[in-house]
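The stops below can be selected one after another.

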Amino acid sequence: MAPSHDAVNRGVRVAHAPGRVNLIGEHTDYNGLPVFPMALNREVRITYRPRGDGQVLLRNAEERFAPIGFDIGPDIPAETGGTWGNYVRAAAQILAREAGITRGIEGSVLSTVPVAAGLSSSSALVVATALALLDANDIALEPTRLMDLLARGERYVGVQGGGMDQAISLGGRAGHALRIDFRPTLRLTPVPVPPGWRFVVAESGVEAAKASGAREGYNSRVRECREALELFSARWLQGAPCTDYAELARRIAPEEALALAEESLTGIHLMRFRHVVSEGQRVDEAEAAMRAGDAGTFGRLMRASHASLRDDYEVSSAELNRLVATAEGAGALGARLTGAGFGGCTVALALADTAEQVRT
Ligand code: GLA
């Protein structure tokens, strides 16, 4: 569902932004390679009134989340710990710095996206906040500029994330998956989901709280991918080292890069490199399979993606592996963890006639 903000009576307005499920292309975005998510019909919804001053005052419909209040400015102090309010501050700070917002909002936040489940409730909150604040300040930004700005802005919470979640939340389209390329510039390509395909999402029940526990696990992988690329460039490439894996793919074919990596990298660097390069290839193949209505190939690619995330990227868990096996045992063509991993959800592909069996 596309986000929108619509005025309703008595000055109360609503901004909303959906969560997402990533079909394939995991941990590729911050490496410059594409992703292939779908927006969900679950969303974060902010009901608000613009304020005359620069304060942001928000309550959360979930009682375990305390109300927040702060002043808009270019350097907003973060709350310690993994609080939801830091995602609101993230949006406010980047928009104060780069879009010149000064006026705040007051209201309440309701999320129908499960929290810390790998379905991007946090980026949906950042996007919904941004839409509310831009509206309150009468500022319109071009969508791809806003996607890029919010991806950078969300790093406020301390996770060195890529741009997938903000882009799909703003750019998702009903009935379509969205291929998102980040290089040379942000580009969105909607691909219709074939009529008989069903994607079934299952929660492992283990929280994937990126703002706390999983943060270091995520950031260390960002670092390891960069190191692997530096080592590879130093050994095999003349001239300037590659800035990211998209540039690597332009300079050398993925199959050849994988073969050379086996000769020169070891341990964690080889494992991370192998995941990123092969996952980038799988996005291309998955897009082609979806366009051709080839569910068998799409499922096989999802299985390969999960194995790579489990063995080379080391972001799966016993619960996620069990859910994947259960879905495949029930007739899914393929299943994988979705999102950052470290807990969260799985996604499985089933055809309409077996989807019910996979779901239960
Ligand atoms: C999180 C990040 C995304 C992406 C995924 C893993 O959701 O916010 O940018 O890196 O993990 O694919």
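The tour goes from the ligand to a group of strands, then to a helix and a loop.

This is a predicted model, in which local features need pLDDT of at least 70 and side-chain atom pairs count only at pLDDT 80 or more, while totals for chains, interfaces and linings use all residues. Residues are numbered from 1 along each chain as its sequence is written, and side-chain values use heavy atoms, with hydrogens and water left out.

**Stop 1: the ligand**

The ligand is surrounded by 12 residues, and the closest are Glu26, His27, Asp29, Asp165 and Tyr218. By class, the shell holds four nonpolar, three polar and five charged residues. Here Ala, Val, Leu, Ile, Met, Phe, Trp, Tyr, Cys and Pro count as nonpolar, Asp, Glu, Lys and Arg as charged, and the others, Gly among them, as polar.

Now show distances to the oxygen atoms of the ligand. A polar side-chain atom of Asp29 lies 2.5 Å from one oxygen atom, and a polar side-chain atom of Tyr218 lies 2.6 Å from an oxygen atom of the ligand. For His27 it is a backbone N or O atom, at 2.7 Å from a ligand oxygen atom. Of the 310 Å² of accessible area (Shrake-Rupley method, 1.4 Å probe) that the ligand has on its own, the protein covers 97%.

**Stop 2: strand β11**

Select residues 345–351, which form strand β11. Helices (H or I, at least four residues) and strands (E, at least two) are DSSP runs, numbered from the N terminus. Six of the seven residues of β11 are buried, meaning under 20% relative accessible area (1.4 Å probe, protein chains only).

Which strands pair with β11? Pairing requires at least two DSSP bridges between two strands. Strand β9 (residues 197–203) pairs with β11 in the antiparallel sense over seven bridges, with Trp197 opposite Leu351. Strand β10 (residues 334–338) also runs antiparallel to β11, joined by five bridges, and Gly334 stands opposite Leu349. Six residues separate β10 and β11 in their hairpin, and Gly339 in the turn has a positive phi of about 90°.

**Stop 3: helix α3**

Select residues 143–153, helix α3, whose buried residues are Leu146, Met147, Leu149, Leu150, Ala151 and Gly153. These buried residues pack against α1 (85–98), α2 (121–136), α4 (164–171) and β8 (187–192).

**Stop 4: Ser316**

Finish at Ser316, in the loop between α9 (295–311) and α10 (318–329). Leaving aside neighbours within four places in sequence, Ser316 is in contact (heavy atoms within 4.5 Å) with His306, Leu309, Arg310, Asn321 and Leu337.

Notes:
Buried means under 20% relative accessible area, exposed over 50%, partly exposed in between (1.4 Å probe, protein chains only). A residue is near a molecule or strand if one of its heavy atoms lies within 4 Å of it. A polar contact is a pair of N or O atoms within 3.5 Å; within protein, one must be able to donate a hydrogen and the other to accept it, and residues adjacent in sequence count only if both atoms are side-chain atoms.
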